[in-house]
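Thanks for coming. I have one structure to go through today, so please look at the screen.

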Amino acid sequence: MKIFAIADLHLSGTPPAKPMSIFGAHWEGHWEKLKVNWREQVTDDDVVLIAGDTSWAMKLPDALVDLHAIASLPGRKIIIRGNHDYWWQTVSKLTKAAHGKLEFLNNSFAPAGEWAICGSRGWTCPEDPLFKTKDRPIFERELLRVEASLQAARVAGFTRIILMLHFPPFYDHQSHTGFAQLITKYKAEICIYGHLHSDSIKNAATGVINGAAYHLVSCDALEFQLKQLI
């Protein structure tokens with residue numbers, strides 16, 4: 001079993017209702033590029049982690065064309081919510097809508113061999129200069145969700161943890177944020193995240209920091225290829 005990761009697919013139907021090429025020529029045909037890479041690398045025995053911003057759809061019925069397209073690809077797919085996933089519902093509703101072919105994380109974890117896949121959306125941190133008062137309750141709620149996921153994995157006996165966030169756990173290696181503290185507390189070995197694009201990519205925290213390996217997996221940062229983690 002191999003474990004791969006990707007984020008920020010930003011799908012919008014077939015043909016796309018919102019072509020991502022409006023954000024730059026490098027996005028032209030990005031889903032087709034990624035699907036080719038996906039089919040070349042992934043088998044049905046593998047796991048693909050999708051770290052949010054999966055579909056531009058506003059409502060779940062409209063997102064289904066994108067979710068079904070993902071479900072048709074090889075591998076076991078585990079998804080968390082991104083800040084643009086307005087179609088997100090309860091896990092039970094999402095699982096039913098996807099006919100059980102996709103897995104959705106919320107306040108929980110998914111076992112994958114010896115690994116526990118934990119995750120939640122996360123949020124911008126107080127250390128971010130753009131952090132506002134209105135962000136505080138969302139940030140604190142996401143801290144609780146992330147800890148609930150990590151704690152559930154530990155209670156179940158897992159010692160190897162991958163944490164999947166949509167928002168970066170911190171910027172510019174300011175690794176004293178609430179999310180970074182949870183990663184250290186629960187000894188997560190790997191943290192993946194997306195959300196960052198274009199010039200923001202240069203501020204991404206990557207590499208091994210305080211014992212955990214950090215990976216930015218937004219698909220444009222990866223040149224529209226999956227990142228193999230394990």
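Let me begin with a question: does T124 count as buried or exposed? Before the answer, a caution: this is a predicted model, and every value I quote is computed from it.

T124 sits in the loop that runs between strand 6, residues 115-120, and helix 4, residues 135-155. Its relative accessibility is 10%, so T124 counts as buried; the cut-off for buried is under 20%. As for its surroundings, leaving out residues up to four places away in sequence, T124 touches F131, D135, F139 and F167. There is also a polar contact, at 2.9 Å, between the side chain of T124 and the side chain of D128.

D8 lies between strand 1, residues 3-6, and helix 1. With 0% relative accessibility, D8 is counted as buried too. What does D8 contact, apart from neighbours within four places in sequence? The list is W27, G52, D53, H166, G194, H195, H197, S218 and C219. With H197 there is a polar contact from side chain to side chain, at 3.3 Å. D8 and D220 are 212 residues apart along the chain, and yet their C-alpha atoms are separated by 8.2 Å.

For strand 4, look at how strand 3, residues 76-80, is joined to it: the two run parallel and are linked by two bridges. Within that pair, I78 is opposite E103 of strand 4.

How much space lies in the largest pocket? About 340 Å³. The lining consists of 23 residues, and those closest to the centre of the pocket are L11, G13, P16, W31 and E32. Two elements give two or more residues each to this lining, namely helix 1, residues 30-41, and helix 2, residues 60-71. Helix 1 gives the most, with five residues. By type, the lining divides into nine nonpolar, eight polar and six charged residues.

Note on methods:
Residues numbered from 1 in each chain as written. Predicted model: local features only at pLDDT ≥ 70, side-chain atom pairs only at ≥ 80, totals over all residues. Heavy atoms only, no water. 1 Å grid on protein atoms, 1.4 Å probe; cavity = no way out; pocket = protein on both sides within 12 Å on 5 of 7 lines; lining within 4 Å. Points joined across faces, edges and corners; volume = space filled by probe spheres on them. Helix = DSSP H or I, 4+ residues; strand = E, 2+ residues; numbered from the N terminus. Nonpolar A, V, L, I, M, F, W, Y, C, P; charged D, E, K, R; others polar. Buried < 20%, exposed > 50% of the residue type's maximum accessible area, 1.4 Å probe, protein only. Contact = heavy atoms within 4.5 Å. Polar contact = N/O pair within 3.5 Å; in protein donor to acceptor, adjacent residues only side chain to side chain. Pairing = 2+ DSSP bridges.
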